[in-house]
Amino acid sequence: MHETDAARAVADAHRREWATVLAATVRVARDLDLAEECVQDAYVAALRTWTAEGVPANPGAWLVTTARRNVLDALRRAQVFRAKMPLLAVDDVAEVSLAGQSAFGDDLLSLIFMCCHPALRPEGQIALTLRLVCGVEAPDIAQAFLVAETTMRARITRAKKKIAAAHIPFRVPAEHELPERVDAVLTVIHLLFTTGHTAPSGDDLTRTDLAERAVGLARTLHSLVPDEREVRGLLALLLVNHARRTARTDATGRLLRLEEQDRSQWDREMIAEGHHLIVEALRGGTPGRFALQAAIAGLHATAPTYEDTDWNQVLVLYDELLKVWPSPVVALNRTVAVAMVDGPVAALREVERLERDEQLAGYHYVPAVKADLFRRLGCRDDAAAAYRTALDLADNEAERVFLADRLTEFTS
């Protein structure tokens, strides 16, 4: 096989299989640093071997087998082979599909719960899980948290050291331990989906593999704690948003705004499932942040047209969401509804107030929203300036093309 083809296959396996391979390797290594090192070595070996012998029928299984052999060699060198030997007597992964519901799915969830142990700081829990379990690069995690990359790398390092020092076990917690970890796990799965739904960087608008992995994890979590309202809310939110995946770009990959999307392409079965979960999540007291986000997404998904969206109700839900989750990003998203209900001038005042929030510094959606409001008001020069700022800050190529096209409207 040509080296370029092998490199492409390795890159694809890294994107699709990293989390599963790492989780399966941690199960036998019981050491995050050792497991991560052995998995990285397995990918290096894959490039060399696949170039010479071709890509195996099951790349993920090949990588798991190789990574576990690397663990065995490392443990033997460390003279702890005999003590660890029972951990290495595991399933023959060559016969196991890594893409479906299998023991490896349980490994992945176990790894998430380990990373979300209450002994870790919340920000460390989420950062570590996104990096190790989800394979999200540190710069993208930093962008999601609106912090510097160096800060994010330090959080990840501290969290890994804490897991080793506290001997945090690799397993799904017992039923009585679940409640104190569920919120962090929900946040991780949500951020994983967000990273896949609109990739922070790269050529494509979405990373479907990450989004679908998040949906699968949400389903697994829902099966563990089916009565948790926020788990229902998260699963509903992911389903309703993922239902629009094929309509978010045109045949050339150009980003389509919500009002431009062909709603006949939306997955109505997925939306119906999400709607049922939303109803259940909203029952029984004050809804949480994921249930409220799901309700907002549900209003968009069930409206026959963009114009038929119940914007007044969307705004009411955003007001409730800000009470339980006072996030500047939520406040920015709310301005879209403000523009539809109270007009672009009122929304522009809100955006200009949010511009002073240091957490949103460098967040390209702030000038992007501002530019759209100026466009609607007919302020061409101001719109062009805001589009330029957003373009300078955006890293996703599909979004950059969209912003550049908009900018051209005001400069040509």
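User: In this predicted model, are Trp-18 and Tyr-43 buried or exposed?
Analyst: The cut-off to keep in mind is that under 20% relative accessible area counts as buried. Trp-18 falls in that class, and Tyr-43 does too.

User: How are the rings of Trp-18 and Tyr-43 arranged, stacked or tilted?
Analyst: Their centres sit 6.0 Å apart, with 35° between the planes. Planes under 30 degrees apart would be stacked and those over 60 edge-to-face, with the rest in a third class. That's why this pair counts as tilted.

User: How many residues apart in sequence are the parts that this pair ties together?
Analyst: Trp-18 belongs to helix α1 (residues 3–29), while Tyr-43 belongs to helix α2 (residues 32–53). The pair therefore links parts of the chain whose separation in sequence is 25 residues.

User: What kind of aromatic pair do Tyr-306 and Trp-311 form?
Analyst: Both of these residues, Tyr-306 and Trp-311, are buried. Their rings are 5.5 Å apart, centre to centre, and the angle between the planes is 70°. Over 60 degrees is the cut-off that matters here, so the pair is edge-to-face.

User: Which residue lies over the face of Trp-325?
Analyst: Elsewhere, Arg-244 lies over the face of Trp-266, 6.0 Å from the ring centre. For Trp-325, the distance to the ring centre is 4.9 Å, and the residue is Arg-289.

User: Is Arg-232 buried or exposed?
Analyst: Arg-232 is part of helix α11 (residues 229–242). Beyond its close sequence neighbours, its contacts include His-222, Asp-227 and Glu-280. Its relative accessibility is 15%, which means Arg-232 counts as buried.

Technical notes: Residues are numbered from 1 along each chain as its sequence is written. This is a predicted model: local features need pLDDT of at least 70, side-chain atom pairs count only at pLDDT 80 or more; totals for chains, interfaces and linings use all residues. Side-chain values use heavy atoms; hydrogens and water are left out. Helices (H or I, at least four residues) and strands (E, at least two) are DSSP runs, numbered from the N terminus. Buried means under 20% relative accessible area, exposed over 50%, partly exposed in between (1.4 Å probe, protein chains only). Contact means heavy atoms within 4.5 Å. Rings of Phe, Tyr and Trp (its six-membered ring) pair if their centres lie within 6.5 Å; planes under 30 degrees apart count as stacked, over 60 as edge-to-face and the rest as tilted. A charge sits over a ring if NZ of Lys or CZ of Arg is within 6 Å of the ring centre and within 35 degrees of the ring normal. Lists of a residue's contacts leave out its neighbours within four places in sequence.
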